Amino acid sequence: MSITDQLLEAVLLYGLPVLFGVILIASVGVPFPISMTLVAAGSFAKQGEMKLMPVIIAASIAAILGDQIGYGLSRWGGRSLVDRITRRFGGAAKIKRAEAVSKKWGGPGIFFSRWLVTALGPWLNFTSGVAHYPWRRFIVWDAPGEVLWVVLYVMLGYIFSDRVQYIAEILGNLGWAILAFIVAILLGWKLIRYFRPSGSVTV
Amino acid sequence: MKKLTWRQSLVAVAFLLSLSLGIFFVIRAVRPAIYWHYHQDEPIRGWMTMGYVAHSYHVPPYVLHQALGLPEKPHDKRPLREIAKEQNRSMDEIRTALLEAIVQARRPYPASPSPPTNPEASP
């Protein structure tokens, strides 16, 4: 009896409130299998067990709200913790650099981690909060990404409503594949720079 | 060729590792797609409702209700696991009963397309 099965049963039996709660909690950072839940919700909508628009709206609001909670907790709670740790153990310079990176690349990172590389979502909420990424800009990148994620997954479940299990499996594995390839590209880039003669022109 | 430092070889190893992980997950993503193409039916699981199984296997719901000796209810949201518990049967028994009924229900129809001549999978 897996968590996935239990979640799906609960969503079927109790509908939107459970869907809302599960996605909210997962967006804060609890690793629930919500991709499968969203795809299944799309299928349930197709079969007339749930209504499509309320599913999309509830799931989107839950995801965005969950992100704000994750961001808020790390911005107002996490920051002081990080400060205390750096004061005792050092590493403040590294945190400063991470902040700079977050400010520069945070936007697209937030957007793509909402729907393409979802495994990074809660982590980026945390780093954005700790780095004091401006809240308004965070929402501007966050909300469209989350809505895209919800619509994409629910509609896939709606279209392939008789293949929920397969769709979720394919999506889950593709998500990890993309994450692995992004890491590979970053590391590959680093390697290329090692091998380039030091005097060459940088692109 | 420059000699790699300890740190650089670590990056190289990490690069190869992440690359192979990526390929591994692509293969894992493609596998269910291939399985789907040839087998069409997905395994019956405990979270599924009678309605979902009927929908997924493209059989009328009453066939499945009859198989489990249940009165037909249009929006029965109980998952199969729950039904199994109520009937004091294991999920395996439920699964077998349903699959038998599904095979029976499909019998009069022309055989489902066989794997080698299967055209573009249409959902």
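A crossing of two helices is called right-handed if the near helix is turned clockwise from the far one by less than a right angle, and left-handed if the turn is anticlockwise. In this predicted model, the crossing of α4(A) and α7(A) is right-handed.

**Chain A as a whole**

Chain A contains eight helices and zero strands. Along the sequence its pattern reads α-α-α-α-α-α-α-α. Chain A has 203 residues, and 42% of them count as buried. Taking the contacts in chain A between residues at least 6 apart in sequence, 82% join residues at least 24 apart.

| Helix pair | Angle | Axis distance |
|---|---|---|
| α3(A) (34–46) and α8(A) (164–195) | about 145° | 9 Å |
| α4(A) (52–89) and α7(A) (135–159) | roughly 145° | within 9 Å |
| α1(A) (3–14) and α3(A) | roughly 35° | within 10 Å |

The crossing of α3(A) and α8(A) is right-handed. On the α3(A) side the contact is made by S35(A), M36(A), V39(A), A40(A) and S43(A), and on the α8(A) side by V164(A), I167(A), A168(A), L171(A) and G172(A). Seven of the residues in this contact are nonpolar, three are polar and none is charged.

Helix α1(A) also passes α3(A) in a right-handed crossing. Here T4(A), L7(A), L8(A), V11(A) and L12(A) of α1(A) meet M36(A), T37(A), A40(A), A41(A) and F44(A) of α3(A). By class, this contact has eight nonpolar, two polar and no charged residues.

In the pair α4(A) and α7(A), the residues that α4(A) brings include L52(A), V55(A), A59(A) and D67(A), while those of α7(A) include F138(A), D142(A), E146(A) and V154(A). The contact of α4(A) with α7(A) has 15 nonpolar, one polar and three charged residues.

**Nonpolar cores**

In soluble globular proteins, nonpolar side chains tend to be buried together. Which residues have the most contacts inside the largest nonpolar core? They are L19(A), I23(A), V39(A), A41(A), V55(A), A59(A) and V154(A), in a core of 52 residues. Helix α3(A) gives the most to this core, with eight residues. Apart from this core lies another, of eight residues, among them V130(A), Y133(A), F138(A) and W141(A).

Leaving aside its neighbours within four places in sequence, V55(A) is in contact with L19(A), A41(A), A45(A), M50(A) and V154(A).

Chain B is divided into domain 1 (7–39) and domain 2 (50–112). The C-alpha centres of these two domains of chain B lie 37 Å apart.

Conventions. Residues numbered from 1 in each chain as written. Chains lettered and ligands numbered in written order. Predicted model: local features only at pLDDT ≥ 70, side-chain atom pairs only at ≥ 80, totals over all residues. Axes fitted to C-alpha atoms, helices over the stretch in contact; angles between N-to-C directions. Helix = DSSP H or I, 4+ residues; strand = E, 2+ residues; numbered from the N terminus. Contact = placed C-beta atoms within 7 Å. Nonpolar A, V, L, I, M, F, W, Y, C, P; charged D, E, K, R; others polar. Core = buried A, V, L, I, M, F, W, Y, C linked by C-beta atoms within 7 Å. Buried ≥ 20, exposed ≤ 12 C-beta atoms within 10 Å, placed from the backbone. Domains from an automatic or database assignment.
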